[in-house]
Amino acid sequence: MKENNLYKNPYLPEVVLIERVTTETPDIKTFRLLKTEGSFEHLPGQFMEVSVFGVGEAPISISSYAGKAGYIELSIKKMGMVTSALHDLRFGDKIGVRGPYGNSFHIEWIKRKDLLFVGGGIGLAPLRSLIHYIFSNREDFGRVTILYGARTFQDLVFKDELFNQWPQKKDTQVHTTLDMGNDDWKGRVGVVPKILKELKLKPINTVAFTCGPPIMIKYTLETLEELGFPDEDIITTLEMKMKCGIGKCGRCNIGDKYVCLDGPVFTLKELKDLPQEF
């Protein structure tokens with residue numbers, strides 16, 4: 001059927017160009033995708049459906065924010081068939097994208113508040129889109145604290161931003177930790193929830209965002225509650241189980257929610273209202 005204003009196939013991807021590939025870690029790469037026409041317009045926290053033709057499709061969080069620029073960045077961990085195929089691609093190759101999909105971080109609600117970001121491993125990727133937005137609109141927000149950890153130094157993503165760019169931003173503190181240090185590492189050593197507890201951050205007028213491995217999120221949420229953060233001021237993202245991106249396949253259905261439609265951004269208060277088996 002010919003596409004027109006009355007009909008647009010929601011499953012049909014748009015072909016985009018890979019403009020740049022950055023190796024972050026041995027199993028994580030950041031792909032900068034360029035539109036041939038128009039620009040990418042998305043909100044921090046949204047995701048794209050990414051296709052490798054002849055292989056398959058996977059939902060991937062957007063890890064950048066550049067306003068109405070003609071590109072977006074996706075930071076992808078090599079895990080399955082589609083992501084492995086993506087890691088084989090390079091500058092000049094083409095892939096398909098659908099979206100952006102999902103809700104987003106609530107920008108208006110967090111304005112004029114202090115912000116805490118707690119990330120682990122590839123979980124810093126969706127948080128990075130909001131961090132980019134905040135630094136592009138710095139006067140709208142209060143102090144920014146970023147706590148990020150990985151298993152080893154080799155596993156840290158966005159190293160230049162973590163060590164060189166973000167610490168130079170106004171009213172910003174960056175804390176980096178490794179699960180396993182060595183003689184060359186002069187920074188903190190310890191899992192993220194442990195370091196979070198040691199920082200003893202105050203919840204007053206502060207919103208906390210967290211994303212990372214499930215076990216890290218579990219103990220980070222518990223630590224934030226211990227520190228006195230109210231449930232509505234603790235925000236995380238759920239990418240698990242998503243498939244189609246538009247609420248048709250039912251794979252991400254939890255109670256009366258679809259992660260791809262109602263999320264992937266949720267407050268802890270919203271998570272506690274989901275079925276117990278979740």
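This is a predicted model: local features need pLDDT of at least 70, side-chain atom pairs count only at pLDDT 80 or more; totals for chains, interfaces and linings use all residues.
Strand 7, covering residues 114-120, and strand 8, covering residues 144-150, run parallel and are joined by six bridges.

- Strand 11 in turn runs parallel to strand 12 (residues 234-237), the two being joined by three bridges, and Ala208 has Ile234 in strand 12 as its bridge partner.

**The burial of strand 11**

- Strand 11 spans residues 206-211, and because six of its six residues are buried, this strand is largely enclosed by the rest of the structure.
- The cover extends to both faces of strand 11, with Thr206, Ala208 and Thr210 buried on one side and Val207, Phe209 and Cys211 buried on the other.

**Salt bridges**

- Side chains of opposite charge can pair when their charged atoms come close, and in this model the count comes to 16 salt bridges.
- One of these salt bridges joins the side chains of Lys35 and Glu14, with an N to O distance of 3.6 Å; the pair links distant parts of the chain, since Lys35 lies in the loop between strand 2 (28-34) and strand 3 (47-52) while Glu14 lies in strand 1 (residues 14-25), 21 residues apart.
- Glu14 has a relative accessible area of 32% and is therefore partly exposed, the range for that class lying between 20% and 50%.
- Arg143 forms a salt bridge with Asp114, their closest N and O atoms being 2.9 Å apart; here too distant parts of the chain are linked, with Arg143 in the loop between helix 3 (124-136) and strand 8, and Asp114 in strand 7, 29 residues apart.
- Arg143 is exposed, with a relative accessible area of 54%, whereas Asp114 counts as buried at 14% relative accessibility.
- Arg128 forms a salt bridge with Glu161, the closest N and O atoms being 2.8 Å apart, and because Arg128 lies in helix 3 and Glu161 in helix 4 (residues 159-165), the pair ties together parts that are 33 residues apart in sequence.
- Arg128 is buried, with a relative accessible area of 6%, and Glu161 is buried as well, with a relative accessible area of 9%.
- Arg128 and Glu161 also take part in a network of salt bridges, in which they are linked with Arg20, Arg32 and Glu73.

**A negative patch on the surface**

- Asp256, Asp262, Glu270 and Asp273 gather on the surface in a patch of negative charge.
- Asp273, a member of this patch, lies in the segment after helix 8 (268-272).
- Asp273 counts as exposed because its relative accessibility is 61%, the cut-off for that class being over 50%.

Notes:
Residues are numbered from 1 along each chain as its sequence is written. Side-chain values use heavy atoms; hydrogens and water are left out. Patches are made of residues with over 30% relative accessible area and no salt bridge: like charges are joined within 9 Å, nonpolar side chains (Val, Leu, Ile, Met, Phe, Trp, Tyr) within 5 Å. Accessible areas come from the Shrake-Rupley method with a 1.4 Å probe; for residues, only the protein chains shown count as cover. A salt bridge is a side-chain nitrogen of Lys or Arg within 4 Å of a carboxyl oxygen of Asp or Glu. Lys and Arg count as positive and Asp and Glu as negative; His and the chain ends are not counted. The place of a charge is taken as NZ of Lys, CZ of Arg, CG of Asp or CD of Glu. Helices (H or I, at least four residues) and strands (E, at least two) are DSSP runs, numbered from the N terminus. Buried means under 20% relative accessible area, exposed over 50%, partly exposed in between (1.4 Å probe, protein chains only). Two strands pair if DSSP finds at least two bridges between them.
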